[in-house]
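Morning, everyone. Please look at the model on the screen, and I will walk you through it.

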Amino acid sequence: MLHFVYVLELEGDYAWVGVSANPAKLLRQHTRRRTDPPCRWTTLHPPRALTVCTPVEEGRSPDEALEEAIIDAMARRGVARVRGGAYSTVTLPSETRQALRQRASARRAEIAEARAPETEA
C-alpha cells in the first residue's frame, strides 16, 4: 500500500508531521478535531494547510520516512514547534528533547552544507 509523509502547517508557525495512506482524510480529521485519540497538538495549534505530501519510496519503511521528515522539520523550525510520530506528546521528556535538538542540529548542518556553493581548488 502506498503511504505518504505529510506536513500540516499549523497556526503560530507550528507543524504536525505524519504518515498515512490517506492524508486528505487525516487533514479533515485534524481540522474537525476528530482524530482517534484526539490530537492535543493540533487542538492547541489548529491546522491551516497541508503543505507537504510526499509518497514514501517503494521498499522504504513508512516509519523510517516519517522519522526523517520529523527531524527535517525540527531542523527547520525547532524541536519546540514540531510534533508527530513517536514525538506526539505536547511536552516531550527532557532527554528526548535534548536528543532531538542534537539530531536537528546535525540535520541543519547537512542542509547548510548541501546549499553551500562548491569551491574550486
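In which sense do β1 and β2 pair, and over how many bridges? The sense is antiparallel, and there are seven bridges. Before I go on, a caution: this is a predicted model.

Let's stay with these strands. β1 and β2 form a hairpin, with three residues between them. Gly12 sits in the turn, with a positive phi of about 80 degrees. Leu10 has Tyr14 as its bridge partner in β2. Keep Tyr14 in mind.

β1 has another partner. It pairs with strand β3, residues 47-55, over seven bridges, again in the antiparallel sense. There, Val5 has Thr54 as its bridge partner.

How many of the seven residues of β1 are buried? Seven of the seven, so to speak a strand that is mostly covered. In a regular strand, side chains alternate between the two faces of the sheet. Take the faces of β1 one at a time. Phe4, Tyr6, Leu8 and Leu10 are on one side, and they are buried.

Glu9 deserves a stop. This residue is found in strand β1. Its relative accessible area is 17%, and the cut-off for buried is under 20%, so Glu9 counts as buried. What does its side chain touch? There is a polar contact with the side chain of Thr51, at 3.0 Å. Leave aside neighbours within four places in sequence, and Glu9 is in contact with Tyr14, Pro46, Pro47, Arg48, Ala49, Thr51 and Arg77.

Back to Tyr14, and on to the aromatics. How many aromatic pairs does a search of the whole structure find? One. The rings belong to Tyr14 and Trp41, with centres 5.5 Å apart and planes at 75 degrees. Over 60 degrees counts as edge-to-face, so that is what we call this pair. The pair links distant parts of the chain. Tyr14 is in strand β2, Trp41 is in helix α2, residues 40-44, and 27 residues separate them. Trp41 has 2% relative accessibility, so it counts as buried.

Each of these rings also has an arginine over its face. Arg81 lies over Tyr14, at 4.5 Å from the ring centre. Arg83 lies over Trp41, at 4.6 Å from the ring centre.

Next, helix α3, residues 62-77.

Look at both ends. At the start of α3, a side-chain oxygen of Ser61 comes to within 3.2 Å of the backbone nitrogen of Asp63. Just after α3, Gly78 takes a positive phi of about 105 degrees.

Which residues of α3 are buried? They are Ala65, Leu66, Ala69, Ile70, Ile71, Asp72, Ala73, Met74 and Ala75. And what covers them? The cover includes β1, β2, β4 (82-84) and α4 (94-115). So β1 and β2 come up again here.

Ala24 lies in helix α1, residues 23-31. With a relative accessible area of 38%, Ala24 is partly exposed. From Ala24 to Glu95 is 71 residues in sequence and 33 Å in space, C-alpha to C-alpha.

That is my tour.

Methods:
Residues numbered from 1 in each chain as written. Predicted model: local features only at pLDDT ≥ 70, side-chain atom pairs only at ≥ 80, totals over all residues. Heavy atoms only, no water. Buried < 20%, exposed > 50% of the residue type's maximum accessible area, 1.4 Å probe, protein only. Helix = DSSP H or I, 4+ residues; strand = E, 2+ residues; numbered from the N terminus. Contact = heavy atoms within 4.5 Å. Polar contact = N/O pair within 3.5 Å; in protein donor to acceptor, adjacent residues only side chain to side chain. Phe/Tyr/Trp six-rings, centres within 6.5 Å; stacked < 30°, edge-to-face > 60°. Lys NZ or Arg CZ within 6 Å of the ring centre and 35° of its normal. Pairing = 2+ DSSP bridges.
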